[in-house]
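Please read the following report beside the sequence and the three-dimensional structure.

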Amino acid sequence: MTIRQLSETLINQIAAGEVIERPASAAKELIENALDAGATRIEIATAGGGKALLRVSDNGSGMDAADLELAVRRHCTSKISQTLDDIRTLGFRGEALPSIGSVARLSIASRRRDSAGGNEIAVTGGKIMHLRPAAANPGTIVEVRDLFFATPARLKFLKTEKAEAGAITEIVKRMAIAFPAVRFVLSGSDRTTLEFPATGDDHLARMAQVLGKEFRDNAIALDAEREEVSLTGFAGVPTFNRGNSAHQYAFVNGRPVQDKLILSAIRGAYAETIPSGRYPVAVLSIMLDPALVDVNVHPAKSDVRFRDPGLVRGLIVGAIREALARDGSRAATTGASDMLRSFRPGFQPNAPRPQAPWSAETSPSRPYQQATHFAERPQASFDGLSTPTARAEPQSSTAPAAPEATTRYPLGAARAQIHANYIVAQTEDGLVIVDQHAAHERLVFEAMRKALHSKRLASQVLLIPEIIDIPEEDCDRLMQHAAELAELGLAIERFGPGAIAVRETPAMLGEVDAGGLIRQLADEIAEWDTASGLSAKLEYVAATMACHGSVRSGRRLRPEEMNALLREMEVTPGSGQCNHGRPTYIELKLSDIERLFGRS
């Protein structure tokens, strides 16, 4: 077989198979070129999901005739010289424009800011059709028509026009988050206009434009550095989660990436705080020396390789966990919104929210000034009274009085217990509804996790060991990890071929259903048992134990018990959600309550 040199057109078409996979890939490359050219305004227009038309206009530095002629040739670029160790631009390979021109009808009109006129070049199916003077504003307009007309087989792999248009929208969103100082406008016959006005240095404002205003209220700021690698951005509280990972954005030196290492680190940082099948919302920006990261892994430039991946992963996990411990205990504001939407049909969930915070002086439901007998000051005398309860217990004359609760606490003062499961607390500007089981489950787990890092957990010896009958293979799995379980205060012994004797249980759990706990632990070990044993998964075991040893639903609590639970929640990291990721409380502002009654 004779070896021969491939034509330039065929070479470009082969390269286009990697660089331009779909219309969104072309949009990404063209937007990156505009950003590298210093544009502050970028407009994208599409038709047919980008297959019929994709036009990107910018007000960047522009190109002259000589630059235009080189721009459509392969491996011609202005962004690097002789090395790949110091890449500070989004593009650098010099493949995008020739690849697009080889499979579509491409035209580029450009003009430098200091030039009296512009120029235009056209490429059709890899052939340069013309280079001529043209009227143009400062900047560049790149128009791509009939994408993949030269390679019809590729058209069969494209999705519907709506799906392709959605992919372009996602590309624009990622670019908009990375560059808040740039105005983006996305329009076309196949979509409604989407505009992201420039927000300057206010990154959170741009994130609110893209991710919704709710993200601003549920985001925790990140700012960490380790060994000259810095991490900034925002992470959503655990209860503010989504059904997929599409709301996780990562940037490395300003470049949008979809790196498995970063996504894995985000997942690990939120472990045990988010329900299975749900995903956190996060925007992470990693800055480091360009020599410490390889962006030339794939022609699409969406994957990167770090020289020290362990350092980057540890930085992400540590920063997010520290932020969650500091400020992640608050409930998502969406909880109150969901609750409001579930009220009577007459309620209008889309009614405008009051802009000013609630105050007793301006509220339409404020007490009538002349009716002083119903004002807040006389009612304050009732705060010291215990909440009525159905419990019939003799009162000891020596029993200590319940501490007086105050609404000045973040979670307020307990006022009632509903259906023996939900605590209603009054705050200074609203009310809080707490799931007592979920909240106590989290408190017990955090106490167990803290004790794990200091010493063996205290245990209580059972007067009569409890014998649990389980399959023999489950007995074998449990006994292989008896030593690790003992660290958690759970002492077990083999009791025949198909039974386990529980002799000690963790003291902090109090009375516990040993049978249910042993059976669940056996199921979990069977699911993820490894040669390394439970040493790396003791926290998961602790979470299981915490669930079995928490305040159960249906237990009536005294007022002092409810207030003690609220006070402990306020000082416990991660108390805003249980071990399964469900919220432990929902806060409802008085302004929201007034909306229910049509007073806003």
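## A loop residue and its surroundings

Tyr409 lies in the loop that runs between helix H12 (376-379) and strand S18 (413-418). Helices (H or I, at least four residues) and strands (E, at least two) are DSSP runs, numbered from the N terminus. The model is a predicted one, in which local features need pLDDT of at least 70 and side-chain atom pairs count only at pLDDT 80 or more, while totals for chains, interfaces and linings use all residues. Residues are numbered from 1 along each chain as its sequence is written, and side-chain values use heavy atoms, with hydrogens and water left out.

Is Tyr409 buried or exposed, or does it fall in between? Its relative accessible area is 35%, so Tyr409 is partly exposed. Buried means under 20% relative accessible area, exposed means over 50%, and partly exposed lies in between (1.4 Å probe, protein chains only).

Which residues does Tyr409 touch, if those up to four places away in sequence are not counted? They are Arg567 and Glu570; contact here means heavy atoms within 4.5 Å. A related pair is Tyr409 and Leu566, which are 157 residues apart in sequence, whereas their C-alpha atoms are 8.9 Å apart in space.

## Charged pairs

The two residues touched by Tyr409 also interact with each other: the side chains of Arg567 and Glu570 form a salt bridge, at 2.9 Å from N to O. A salt bridge is a side-chain nitrogen of Lys or Arg within 4 Å of a carboxyl oxygen of Asp or Glu. By this rule, the model has 21 salt bridges. Arg567 and Glu570 both belong to helix H18 (residues 559-570), where they are three residues apart, about one turn of the helix. Arg567 has a relative accessible area of 18% and is therefore buried, whereas Glu570, with 24%, is partly exposed.

One of the pairs is Arg41 with Glu43, at 3.9 Å from N to O. Arg41 is partly exposed, as its relative accessibility is 37%, and Glu43 is also partly exposed, with a relative accessible area of 36%.

A further pair is Glu561 with Arg558, whose closest N and O atoms are 3.6 Å apart. Glu561 is partly exposed at 22% relative accessible area, and Arg558 is partly exposed at 33%.

| Salt bridge | N to O distance |
|---|---|
| Arg41 and Glu43 | 3.9 Å |
| Glu561 and Arg558 | 3.6 Å |
| Arg567 and Glu570 | 2.9 Å |

Strand S12 (residues 248-252) is mostly covered, as five of its five residues are buried. Both of its faces are covered: Gln248, Ala250 and Val252 are buried on one side, and Tyr249 and Phe251 on the other.

What does S12 pair with? Two strands pair if DSSP finds at least two bridges between them. S12 runs parallel to strand S15 (residues 282-287), to which it is joined by five bridges; Tyr249 stands opposite Val283 there. Three bridges join S12 to strand S13 (residues 255-257), and these two run antiparallel. Within that pairing, Phe251 has Pro256 as its bridge partner. S12 and S13 form a hairpin with two residues between them, and Asn253 in the turn has a positive phi of about 55°.

Another hairpin is formed by S4 and S5, also with two residues between the strands. In its turn, Gly125 has a positive phi of about 60°. Strand S4 (residues 118-124) and strand S5 (residues 127-134) run antiparallel and are joined by seven bridges, and Val123 is partnered with Ile128 of S5.

## An open sheet of three strands

Three strands make an open sheet in the order S21-S23-S22, with antiparallel pairing. Strand S21 (459-469) and strand S22 (491-494) are the edge strands, each pairing on one side only. From one strand to the next, the twist averages 20°. Axes are lines fitted to C-alpha atoms, for helices over the stretch in contact, and angles run from 0 to 180 degrees between N-to-C directions.

S21 and strand S23 (residues 499-506) pair over seven bridges in the antiparallel sense. Ser459 has Pro506 in S23 as its bridge partner. Helix H14 (residues 472-480) packs on the sheet and touches S22 and S23. The direction of H14 makes about 130° with that of S22.
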